[in-house]
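Trainee: I've got a model open and I'm a bit lost. Could you show me how to read it?

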Amino acid sequence: MNYNRLTPEEEYVILRKGTERPFGANYEKFLHEGNGIYVCRQCNTPLYTSKNKFDSHCGWPSFDDEIAGAVKRVPDADGRRVEIICAACGGHLGHVFIGERMTPKNTRHCVNYTSIKFISAE
């Protein structure tokens, strides 16, 4: 599989499981993006659709569902959370939280914007 070249910041988040700062310019950008899909920044695998995004007011992009088979859930190194990674390349996306009652699906994928790219459908 051919991977995209990553910046040092993208490598920190995607390869070293880092976290970007909340409520940054990327978060504002995310809130205003229209119809489309979000793909893995490292391998371009489609991960999320815009119909599943929502503003959780947490400072990071949030989705209540993923494209079937695109996101893998694994125990986080801290032993308390569930990490989400791209099923195709293993790149770190963020964490998933269940039971917060923010959407009818009761699920929040808290994703680093650094880990995804938006592809507009328009």
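Mentor: Buried means under 20% relative accessible area, with a 1.4 Å probe and protein chains only. This is a predicted model, where local features need pLDDT of at least 70 and side-chain atom pairs count only at 80 or more, while totals for chains, interfaces and linings use all residues. Residues are numbered from 1 along each chain as its sequence is written, and side-chain values use heavy atoms, leaving out hydrogens and water.

Trainee: Which residues have the most contacts inside the largest nonpolar core?

Mentor: In soluble globular proteins, nonpolar side chains tend to be buried together. Here the largest core has 17 residues, and L47, Y48, L93 and I116 have the most contacts inside it. Strands 1 (36-40), 2 (46-49), 6 (82-86) and 7 (92-98) each supply at least two of its residues; strands are DSSP runs of E, at least two residues long, numbered from the N terminus.

Trainee: And what is the order of the strands in the open sheet?

Mentor: Strands of a sheet pair through backbone hydrogen bonds, either parallel or antiparallel. This open sheet of 6 strands has the order 3-4-8-7-6-5, with antiparallel pairing (two strands pair if DSSP finds at least two bridges between them). Strand 3 (53-54) and strand 5 (71-75) are at the edges with a single partner strand each, so one side of each has no neighbour in the sheet. Strand 3 is joined to strand 4 (residues 62-63) by 2 bridges, and K53 has F63 as its bridge partner in strand 4.

Key. Core = buried A, V, L, I, M, F, W, Y, C linked by side-chain atoms within 4.5 Å. Buried < 20%, exposed > 50% of the residue type's maximum accessible area, 1.4 Å probe, protein only. Helix = DSSP H or I, 4+ residues; strand = E, 2+ residues; numbered from the N terminus.
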